[in-house]
Structure formats: C-alpha cells, structure tokens
Amino acid sequence: MRPGLFIHLMSIETRKLFSYRVDFWVTTVVNMVVTLIVFWYLWEAMFQESGASTIGGWSLPGILTYSVLISLSGRVIRGGDLQMAISTDIYEGSLSRFLLYPSRYFFFKYAQQAGAVLPELLQSIAMGALIVLVYGIPTEVPVTATSLLMALPTILIGHLLFFMLSVIPQLVAFWAENVWSLSVLLRFITMLLGGGMLPLSLFPEWAQSILAWMPFIYLYDFPARVAMGLVTQAQWLEGMLLSLLWCGITALLAVPFWRRGELQYTGVGI
Amino acid sequence: MRRYLRLYLYFLRFSFSRALEYRMDFWFRIVMDTTFYAVELLFFTVLYQHTKLLGGWTLDQVFIFVSGYLVIDAIHMTVFSNNMWWLSIFVNKGDLDYYLVRPVSSLFFLSTRDFAANSFVNLLMAGGILAWSLIRYPGTLGSTNITWFLFLVLNGAFLYYILHMCFIIPVFWTHTSRGMVMAFFAVGKMMERPDQIFRGWLRRVLVTVLPLSVVVSLPARVLFEGPTPEKIVHILGVTACAFLFMAWFWRLALRSYSSASS
C-alpha cells in the first residue's frame, strides 16, 4: 500500500472520530480519571494494609506511575473502536468491495485502525503532560526523556500486536454468527496476562516465567517498564524484536483462517 | 400484574428459541463469561499473595464479594444487557414509536423484552461460584445473614440495571450512547472493588449519589457484619431513590423524543 493512501485512510478515520466530540471527550476523560482513581485507592489500600514498603519489587509511587502509564498507553494499544470492523465487513457483505480494491484488505483495515488511534495517542500525551505538571514525577522512578521516547515505538508495536491478535477471532466470523464474545474474551485475557490490571512482577515466580514467553507482556507491561526507565537498551531492543516476531507469528496463524474463510464467504452478508 | 407476567413468559419463549438458532454464539458466550469469572478471581488471588487484608477483608471474604458481583453481572447480562444495547439504536432510528404505543409500560417493555438465553448458563455458573465461595468460607455466617445477603444481591442486580439505564437515557439528547456507556463501564470498576478501599468524599459519593458500592459491597458487609436496620434501610432506600430518579429521567427523556431519526 502506498504511504499516501495509508495516511489518507488514517485521516478519514480520525475525522470520523471527531464527528461526535462530546462522546469522544466523555469516553476519554471519564475512563482515564476513573481508572486512575481506582488504581490509586487500590494500591494505597494494599500498601497500607500489608504494611510493606515494596510489593513485588514496586514502591507505592512506582506502582502508581506504572498504573498511570498503563491507562495512558492502554487506550492506544487497544486501538479505537474498530475491534469488530473485520467481522462487521464479513457479516454485512461489505468485505466484497474491499476485495475489489487494488490494495490488501488488512493494510486497509490497519490504516483505519491507526487513524482511530491517532487522536487517542495525542490525548494520552496531553493528559500525561498534565499529570506530570500537577503531580510531578516521583523521585524513585527513573523516567527520562529518552525512556519516554523509547516507549513510543513499543506502544505502537503493541498496538500492531493487539490488532494482529484480534484478527483471528474476527476471522471466525466466516463460520460463526457472532464473534463479539471472542473479542471481549481476548480483552480479558490480555488485560490480566499482559499487565493491564496489575504489574506482572506481582504474579508468582513460576507464572512470571510462563508469561515471559507469551505475546501479552508486550502489550502493557513492557511499554510501561520502558517508559519508566526500568529497561536497558539491550532489553529494549530484544523486546522490540520479540514483539515484532509475535506480530509475524500471529499474521502467519491468520493466513489459513483468511484463505479458508474467503472460500466460505458468499458476499451476501448475514 | 398477571398481564406483565404473561408478556414476560412470551419474551422468554422467544429468546430461548432464538438462542438455539445461534449455537456457536451460545458457546462463545459461555467461554467468555467463564474467562471473565476466572480473571476476576485470579486478580484478587494474585493481590492476596502480597497482603492478608484488602479493604478490611480476607481472601475468603473477597471471594464471596467477587462471587456476589459475578452473580449480579450474570443477572444483568441475562435479563437487561441486550435491551440496553438496543435502546440507543431504537432512539436513533425512530423505532421507539413501536414500543411507545404498546398498552404496557414502555420502560418495562424496552428493559426486558430481550432475555439473553445464551447468558442463562453463565448465571447458573456464577451462582455455582457463589455457592462454592460460601461453602469454603472458614468462619460461621449464619442463615439470617446469608438470606439477607442473597436478597440484597438481587436488589444489587436491580440497582445495577438502574445505574446502567441512567447512563443510557442521555442518548435521547446526545444521539449516541457510546461515550456514556463507556463511562458507565469505567465507573463500574469501582463496583468490583471493596468499598472500604475508598475513603473520604469518594466513599460518601459511592454509597449515596452514585451508589456503586451499594450494589454488592454493602450487601457483603451485611453478610459479614450482620443485618443492622441502618444498613438495610440505607441499601433499600438508596435503591428506591435511584429507581424514582430513573423513572423521572425516563419520562423527561420521552418528552424530548421526536420520533424517526431523532
């Protein structure tokens, strides 16, 4: 796909998102503020009642910073509101027109997805800056401009990985009459096993060693730790390569689903 | 009353026959909800590896609290959730007219017509988890406490519906409910945490104006601490006030409804 076309598709999706401005801001602000409040009170209660100064290697300011970063980056990684876009195309029969376009369907969909994420990325950056202005950065957390810059590509790759992970459940729509449950299922699993609900270092050692081999760690836990300056450059490079490798693996896994599904597809919609 | 009961039985019959048409979705929903239950229980299990108490509760108590929440969520998914989803679509397409001219309460009709038969199995599963968490509880709970708790869990399911509805009704003015629904699910996270972790003004809000902690956290307190008249009156009073507010808000919204593609 030509970069010009990719950017054009992105801009269409971004403009679409802004057509309901009130909706957009209500979703963003309420979601983020409430998530932060819940995290704040939860961790504060945990530290108070356990009497410990660190939990799973985290101090209270550290774990709160982690939670802030998770809620800021999580929205970007999960991507706009297009998680059902592929299955909707299949169900409505609108996939047919994409098949006639001189461009690959998944690039098309990813361009739309990226367009939906752009405003959320900018919003997250603005809200992150606001939080830093109001509360500052805790002294125990080694966040630097470099670590934040290093986090940006990990978040974008995390977004690509989440998109790739959601492709297979979406393609099940060729055979099943409703795949909404599968998308929600993916979200539950990635939130817990990816570090979206709590840092993975809080899990028992044996679970951590299993989770390290899974792709989910690159969705929330890894980008947050990179942003916090807790990852060396070598670990960062390794993490980036592994997350790209997982993108490739999930893409390969999706191929047979797509090929078989195409044969199944009638184009009339359900 | 009998007319409403008969009508609801028709809804049930229709919903079950439709669910059997979509068998794969039926199984997917079961897997999804089972995963949700597992995630909720695992989350607290991991937290309790690092503390003995959270919000003043032990892991065994939190299991009962979470199970209560799972039952409420399952009731909501089974009885109300689909209807909430359709409401904003009806408002925007002007399809609400069809329901407004029916000789029954429009709020009743629109809130209950689509019974999610495919979530019914999950309701049984959530009930099973609640029974398991009550049986494995090491202390003595007493039959009075358990009876009150179960009654208040049902009340919590009704309150959950009221709160959800209050977040959807603005669709009559905003034309899209996405933002408000997302906001509801965001604030709903507070419902899934013990009320005692919240302090100060936030806790006061959560047990009165935005009674998310009244849904399941206060009923769990009734179970562990006993059913004092203050607690019971508080929980039922807040629910009654919330219901009256919703009914008023609904009537106000209907006055703003201008039929097709409003």
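In this predicted model, helix α3 (residues 59-93) of chain B packs against helix α7 (residues 143-168) of chain B at an angle of about 40°, with the axes 9 Å apart. The pair is therefore oblique (angles under 35 degrees count as roughly parallel, over 145 as roughly antiparallel, 65 to 115 as roughly perpendicular and the rest as oblique). Local features need pLDDT of at least 70, and side-chain atom pairs count only at pLDDT 80 or more, whereas totals for chains, interfaces and linings use all residues. Residues are numbered from 1 along each chain as its sequence is written, chains are lettered from A in the order in which they are written, and side-chain values use heavy atoms, without hydrogens and water.

**Helix pair in chain B**
- The crossing of α3(B) and α7(B) is right-handed.
- Residues of α3(B), including B:I64, B:Y69 and B:F80, meet residues of α7(B), including B:F149, B:Y160 and B:M165; contact means heavy atoms within 4.5 Å.
- By class, this contact of α3(B) with α7(B) has 16 nonpolar, 4 polar and 1 charged residues (Ala, Val, Leu, Ile, Met, Phe, Trp, Tyr, Cys and Pro count as nonpolar, Asp, Glu, Lys and Arg as charged, and the others, Gly among them, as polar).

**Second largest pocket**
- The volume of the second largest pocket is about 1,200 Å³.
- Its lining has 42 residues, and A:V68, A:L72, A:G128, A:I131 and A:V132 lie nearest the centre; a lining residue has an atom within 4 Å of a pocket grid point.
- Helix α6(A) gives the largest share of this lining, 11 residues.
- The lining of the second largest pocket has 36 nonpolar, 6 polar and no charged residues.

Note on methods: Axes fitted to C-alpha atoms, helices over the stretch in contact; angles between N-to-C directions. Helix = DSSP H or I, 4+ residues; strand = E, 2+ residues; numbered from the N terminus. Left-handed = near helix turned anticlockwise from the far one by under 90°. 1 Å grid on protein atoms, 1.4 Å probe; cavity = no way out; pocket = protein on both sides within 12 Å on 5 of 7 lines; lining within 4 Å. Points joined across faces, edges and corners; volume = space filled by probe spheres on them.
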